[in-house]
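Subject: The structure I promised you

Hi,

Here is the structure we talked about, ready for you to open in your viewer. Have a look at it first, and then read on for my notes.

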Amino acid sequence: MIQSKKESEIRKQFFAYRNGMLADALRGAGNCHTVIFGLTLQQVIELANAVGKDAPLANDLWNDIKCREARLIAPLLMPADAMGIDVAKAWCDTVEDCEICDALCHRLLRNLPFAFDLVLHYAHSAVPLQRYLAMRLLINLVTIGKPLDIDLVAAMAAEALSDADVMVRQVSKMIVDNLPI
């Protein structure tokens with residue numbers, strides 16, 4: 001794969017900021033990525049701010065499923081207006097763990113005009129991580145005050161409280177606790 005100059009610079013920064021202790025702790029905790037530099041989320045955010053929005057670069061980094069930091073920075077680099085629903089679904093379909101899911105929802109998906117459509121699309125997925133993504137995105141939309149049908153949100157969260165997956169249940173509880181009364 002041929003890397004752009006920007007992508008090469010980002011990867012050099014990943015290497016420069018590497019934190020072996022954090023990387024080892026993440027590996028020890030079962031992180032699914034084979035390449036972990038151990039950057040903190042704050043370091044990833046600062047690097048993304050220095051680079052600026054860049055859709056092709058974001059897509060290239062998102063496609064590096066082996067590297068934790070590439071997956072964390074991609075949502076920060078993707079301009080919301082450059083992401084259509086098909087690309088958003090493709091990204092959602094390839095989310096590999098809760099950390100990446102949280103970053104994707106909080107840093108990008110919640111800013112999309114069709115964010116609630118993604119919630120509806122993934123809320124009843126057979127894949128637990130996609131159901132988690134739906135609830136995580138929903139809590140983001142509730143938190144930022146996105147105009148939503150509160151009765152529908154409450155019903156979805158209440159249903160998810162009995163989900164087989166503990167992470168889905170935990171996020172659903174957060175939604176119930178944060179709904180405006």
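This is a predicted model: local features need pLDDT of at least 70, side-chain atom pairs count only at pLDDT 80 or more; totals for chains, interfaces and linings use all residues.

Setting aside residues up to four places away in sequence, Met-135 touches Ala-123, Met-156, Ala-160, Val-168, Val-171, Ser-172 and Ile-175.

Now for the overall picture. The chain has eleven helices and zero strands, so the pattern along the sequence reads α-α-α-α-α-α-α-α-α-α-α. For 181 residues, a compact globule would have a radius of gyration near 16 Å, and the 17 Å of this chain agrees with that. Along the principal axes, the C-alpha atoms fill a box of roughly 50 × 35 × 25 Å. Buried residues account for 45% of the 181 residues. If you take the contacts between residues at least 6 apart in sequence, 66% of them join residues at least 24 apart.

Ile-36 sits in the loop between α2 (20-28) and α3 (41-51). Apart from neighbours within four places in sequence, its contacts are Ala-23, Leu-26, Arg-27, Asn-31, Arg-68 and Glu-69. For a sense of scale, Ile-36 and Asp-177 are 141 residues apart in sequence, and their C-alpha atoms are 34 Å apart in space.

Leu-57 belongs to helix α4 (residues 55-62). With a relative accessible area of 3%, Leu-57 is buried too. Beyond its neighbours within four places in sequence, Leu-57 is in contact with Ser-4, Lys-6, Glu-7, Ile-10, Val-51 and Leu-77. Arg-107 is 50 residues from Leu-57 along the chain, with 16 Å between the two C-alpha atoms.

Ala-154 is part of helix α10 (residues 150-160). Its relative accessible area is 28%, so Ala-154 is partly exposed. The C-alpha atom of Ala-154 is 25 Å from that of Val-95, and 59 residues separate the pair along the chain.

Finally, Arg-169 is in helix α11 (residues 166-178). Arg-169 is also partly exposed, at 31% relative accessible area. Which residues does Arg-169 touch, not counting those up to four places away in sequence? They are Ala-160, Leu-161, Ser-162, Asp-163 and Ala-164. Glu-159 lies ten residues from Arg-169 along the chain, and their C-alpha atoms are separated by 9.3 Å.

Happy browsing, and do write back with any questions.

Best wishes

How values were computed: Residues are numbered from 1 along each chain as its sequence is written. Side-chain values use heavy atoms; hydrogens and water are left out. Contact means heavy atoms within 4.5 Å. Helices (H or I, at least four residues) and strands (E, at least two) are DSSP runs, numbered from the N terminus. The radius of gyration is taken over C-alpha atoms; the globule rule is 2.2 Å times the number of residues to the power 0.38. Buried means under 20% relative accessible area, exposed over 50%, partly exposed in between (1.4 Å probe, protein chains only).
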